[in-house]
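I am opening my notebook on a new structure today. Come along and look things up with me.

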Amino acid sequence: MSTDGPKVLVVEDEQEIRRFLRVSLGHSGYRLVETASAKDAVLQAATQQPDLMILDLGLPDGDGLDVIREVRQWSAMPIVVLSARGQEQDKVRALDEGADDYLTKPFSVGELLARLRVALRHAAQSSDGKAAIYDVGDLRVDVASRQVHVRNKEVHLTPTEFRLLATLVKHAGKVVTHRQLLKEVWGPQSVQETQYLRVYMAALRQKIESGDSVPRYLLTEPGVGYRLYSGGAER
Amino acid sequence: MTDERPNPDELLAKVQAEESLSARGRLKIFFGMAPGVGKTYAMLEAARKTAKEGTDVVIGYVEPHARPETQALVLGLDVLPRRVVSYGGVTLEEFDLEGALARKPQILIVDELAHTNAPGSTHERRWQDVEQVLAAGIDVYTTLNVQHIESLNDVVAQITGIVVRETVSDAVFERADEIELVDISPDDLLERLREGKVYVPAQAQRAIEHFFQKGNLIALRELAMRQAAERVDAQMGEFRRIHAIDRTWPAAERLLVCVGPSPMSARLIRATRRIAAGLKAPWLAVHVESPPSAALPFADRERLAQHMRLAEQLGGETVTLAGNDVAGEVVAYAREHNVTKIIAGKPQQSRWRDLTRGSYVYELTRRCGDIDVYIISGEGETPAPKAARAQQADRDWFPFLGALGTVAVCTAIGFLMSRHFAPTNIVMVYLLGILAVSLRWGRWPSILSSVLGVAAFDFCFVPPQYTFAVADTEYLFTFAVMLFTGLVISTLTARLGFQAEAARDRERRTAALFATTRELSSLEDRRAIIEAGLRHVTDLLAADACVLTPDAAGRLTQHACGSRGYQPHERENAVARWVLEHGKPAGRGTQTLPAAESLHLPLLAASGAVGVLAVRFPADRPPPAPAQIHLLETLGGLIALSLERAALAHESEQRLIQVEAEKLRSSLLSAVSHDLRTPLAAIAGASSTLLEADRALPPEARRELTQSIVDETDRLNRLVANLLDMTRLEGGAMVVEKQWQGVEEIIGVVLSRLAARLASHRVEVKLPQHLPLVPFDDLLIQQVLVNLLENAVKYAPEDSQITISAKPEPTAVTIEVADEGPGIPAGDEERIFDKFHRGSTAKGRAGVGLGLAICRGIVNLHGGRIWAQNRPQRGAAFRFTLPIEGTPPKLDAVAAASATEQLTG
């Protein structure tokens with residue numbers, strides 16, 4: 001209800017989804033701009049200058065990926081993608097094209113709001129240019145000083161492990177695709193070598209996680225990538 | 001006058017009886033389309049001409065109709081006085097039968113055969129008078145119009161609208177020895193009518209209006225001509241139906257002509273066609289393939305094929321029969337097909353040949369029964385060239401040398417015997433030798449040995465010895481008897497040998513057919529049937545064979561036999577297609593498309609042609625003989641029947657599957673509709689309550705309703721997801737993207753995803769320290785684990801323990817989900833993985849029965865195995881394997897780097 005809340009552009013062709021988004025997001029203080037078509041989406045993104053875009057990948061008049069590509073040419077605004085189940089490949093491609101996060105329909109409003117919060121926070125941080133410090137639960141990562149503490153005990157990581165963790169910290173709360181991780185940690189030539197990632201992730205988990213079979217911080221998104229837990233109730 | 005008038009049939013019978021006693025007079029009918037065409041005139045003209053030649057011609061009765069020209073003609077002839085009858089005050093003049101019989105001229109002229117006599121006459125009708133006159137041996141000239149023929153009565157009535165009452169039995173017309181058609185054009189007739197030449201003018205006008213309409217006349221003329229043509233053709237061919245009188249009403253005619261390779265057959269075929277055309281009857285050209293003709297020289301076979309083609313061109317149906325007994329086969333076939341006339345050629349063989357071999361024409365006439373047999377002479381035709389003999393010249397000379405040798409041996413034995421035996425007894429030795437030769441080498445060497453034997457006997461034993469001269473003329477008789485006996489032995493043994501050969505041949509074919517039948521009937525598979533059938537065809541005929549079957553779109557598929565692998569050329573397919581369409585053989589050796597490489601036979605089953613059997617005979621061999629084609633047809637029929645049987649079996653199986661599928665579909669529908677509706681009902685109920693009574697509800701109630709909506713939505717979502725997965729699995733749309741990864745990672749994902757649902761149970765994860773990387777699709781295996789865990793939660797009681805464990809093996813990793821529930825009912829270990837199999841739970845809320853089916857589908861896609869068993873104490877354990885296939889990624893470099901990092905880090 002506040003008039004200065006974040007402005008969200010909702011690109012979604014299903015009227016019922018737009019309706020519930022309007023109610024729930026409006027109630028949470030977001031201002032909504034809606035459109036049902038891919039063509040209009042780019043125009044709205046340019047003219048309305050929204051703080052964030054919620055984009056449905058299955059639009060009738062065009063490919064949501066094209067919208068991401070076009071918008072990314074001139075804007076860093078967070079884009080959260082909505083996709084149906086079975087569209088894993090589209091989802092990963094959207095993320096690799098520059099989308100910030102994704103939600104699989106059907107999703108709960110709580111989940112959506114958490115993602116939006118993370119996305120907006122990251123946008124703010126990157127514009128701040130502040131060095132990231134991650135401090136959630138028992139885990140504290142200081143990227144600048146390269147220090148990692150678990151339950152106030154310093155943990156020694158190999159350089160690659162640290163680069164991996166640091167990359168996740170940079171995107172804390174957001175999903176990072178295998179490809180993005182491999183590219184940032186091992187370089188562009190290694191984007192296919194997901195097994196590196198799995199081996200190092202396993203090693204990292206051994207050092208950071210409590211040993212429980214359910215990881216708390218380093219979360220796997222099957223078929224997509226990893227996500228560093230960033231607190232809150234979204235999981 | 002007479003109370004009892006004989007009925008026509010009785011009279012006819014009587015007349016026939018009389019006819020056999022005395023020579024019956026000849027009946028000539030002047031036949032016309034209508035009154036006024038000039039029949040009477042023509043009749044009188046003919047009578048006068050005959051009278052001029054000195055024949056005794058008397059006019060019994062001529063209807064004057066007051067026609068001057070007619071009467072003028074009558075004047076020159078002897079006229080029988082008319083009988084005057086008065087009836088009901090009217091005086092009528094009638095033909096005087098008694099007078100005519102008394103006068104007994106050679107030819108009697110009686111006009112209007114159809115006339116009805118005045119009441120009180122001897123016969124009711126004039127034609128009965130005429131019959132009596134004929135029976136008395138007097139020839140009769142009479143006139144008749146087409147409308148008076150009984151069988152045409154209806155037709156005429158249809159054409160003219162006038163029913164003619166005065167009719168003449170067809171038999172009378174048919175019995176006429178001569179028919180003369182008197183014909184003028186309808187225009188001329190009308191002209192004559194107008195001029196008053198037919199009726200007196202007052203009558204003429206009425207007649208023109210009613211009967212003599214031009215259209216009527218044209219139709220009547222055609223009718224008359226056709227009727228006459230039928231008769232004329234029959235007479236032209238000088239054939240008399242032998243038993244025509246037996247049938248007052250001839251049945252539909254059907255002709256059969258016997259065709260052979262002789263050039264005379266062409267003439268026969270043409271003659272048959274002429275007769276058939278006259279009778280408007282269908283006709284058949286039949287060739288009987290007997291073993292001698294199977295060995296026909298090439299030229300003869302070609303000529304035979306030409307004859308069959310000619311017959312087809314002339315509109316006949318061609319049939320080839322096989323059998324030794326030519327006449328028997330023809331007669332049997334004729335009977336079967338209601339043939340009324342058989343036409344055969346006069347045999348051109350010598351009388352001697354008739355005696356030794358028998359004459360099929362004689363056999364035919366002897367056995368034909370009520371079928372008429374027409375023998376057509378082959379005058380002026382050259383007999384078939386003796387190609388057969390020429391071919392025999394090519395034969396091996398060895399048998400003849402053998403004959404020579406045998407005679408030599410007999411002579412030697414004769415010398416040994418000559419001291420103790422009379423020379424005439426030595427003849428027996430030669431006869432024995434001849435018998436041996438004929439048994440061993442057949443006819444010609446045997447004949448040679450007969451002649452040589454006689455010569456040797458004469459030369460060596462008959463005094464004076466060592467000359468051909470004969471001292472005692474008695475020996476000439478011995479020679480004659482010896483030669484004759486030798487020749488008869490030769491012929492008889494040769495025939496015997498041939499018959500034995502034929503019998504063996506038949507036996508072989510029968511055995512082959514039996515073997516084929518037995519094998520084919522035991523086969524179910526279409527492909528096996530075709531292969532077995534082809535094997536038998538190639539074995540029996542030493543030819544390449546191939547079966548072509550049409551698919552749904554009508555394209556032909558070739559099924560070649562394995563060993564020889566004959567695949568007809570593309571252009572042969574056109575022949576096959578023709579055969580398929582027409583259901584008749586074609587290609588080499590037939591009359592249709594004979595230029596083709598192979599012989600194509602339709603595989604005819606009850607439902608029609610199911611395929612084509614293409615048989616390629618070696619190019620150096622003559623075209624297949626009809627007997628071979630016949631055998632092939634039989635084999636083809638067997639294959640076709642088996643194929644049809646297989647197709648029907650397949651069809652019924654398909655139908656069964658369809659029924660099963662239908663059952664499954666309906667169970668799916670009922671399950672899905674139930675599982676969809678239940679959550680929908682809950683959601684609709686809860687949400688509408690919230691909408692209606694929003695403020696009135698206490699916060700806890702509102703929360704409960706909302707929670708119910710969320711839960712039910714979740715349930716609905718899972719159901720839809722399962723259905724989608726199942727569809728993708730069954731449609732083959734599920735793509736497995738395997739990546740090398742750890743099992744523990746995916747277990748972690750599933751546990752965190754299901755955390756809320758698993759809260760009611762204790763979940764324990766037992767993983768060994770070092771699990772190898774396994775290639776699998778994480779999304780799909782996650783689904784498997786989710787389904788297994790949900791299953792466990794559903795069946796195991798709350799607070800019980802669910803254990804997830806993994807065990808590495810050399811080639812696979814086995815993952816187990818074990819619960820402490822009621823376990824699996826005995827015998828259901830496999831069935832629970834079936835689609836729509838639902839277990840029963842204590843809570844009574846079974847799922848749609850897809851979860852485990854999806855698990856099985858996914859695990860199978862990974863090349864693994866999933867199974868369930870009860871645990872020793874309680875509960876069920878579900879296990880599945882993920883095979884470690886392919887080369888694991890080389891992590892050495894990574895591990896090494898990691899290790900160095902450890903040291904330096």
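**Ground rules.** I noted that this is a predicted model, in which local features need pLDDT of at least 70, side-chain atom pairs count only at pLDDT 80 or more, and totals for chains, interfaces and linings use all residues. Residues are numbered from 1 along each chain as its sequence is written, while chains are lettered from A and ligands numbered from 1 in the order in which they are written.

**Val8(A).** I looked this residue up in strand S1 (residues 7-11) of chain A; strands (E, at least two residues) and helices (H or I, at least four) are DSSP runs, numbered from the N terminus. Val8(A) counts as buried because 24 other C-beta atoms lie within 10 Å. The cut-offs are 20 or more such atoms within 10 Å for buried, 12 or fewer for exposed, and partly exposed in between, with C-beta atoms placed from the backbone. Leu52(A) is 44 residues away in sequence, yet the two C-alpha atoms are 4.9 Å apart. Not counting residues up to four places away in sequence, Val8(A) touches several others, including Leu25(A), Tyr30(A) and Ile54(A); contact means C-beta atoms, placed from the backbone, within 7 Å.

**Helix H1(A).** I checked its length. The 13 residues (15-27) should span 18 Å at 1.5 Å a residue, and the end C-alpha atoms are 18 Å apart, so the two agree; the expected span is 1.5 Å times one less than the number of residues. Gly29(A), which follows H1(A), has a positive phi near 95 degrees.

**Cores.** Which residues have the most contacts inside the largest nonpolar core? I found Val11(A), Met53(A), Leu55(A), Val81(A) and Leu165(A), in a core of 64 residues. Such a core is a set of buried Ala, Val, Leu, Ile, Met, Phe, Trp, Tyr and Cys residues joined through C-beta atoms within 7 Å. Helix H8 (residues 194-208) of chain A gives the most to this core, with 8 residues. A second, separate core has 54 residues, among them Tyr61(B) and Ile109(B).

**Chain B.** I counted 30 helices and 25 strands here. Of its 905 residues, 34% are buried.

**Where the chains touch.** I found 22 residues of chain A in contact with 30 residues of chain B. On the chain A side, helices H6 (159-170) and H8 each give two or more residues, and H8(A) gives the most, with 7.

Definitions and conventions
Two residues are in contact if their C-beta atoms, placed from the backbone, lie within 7 Å.
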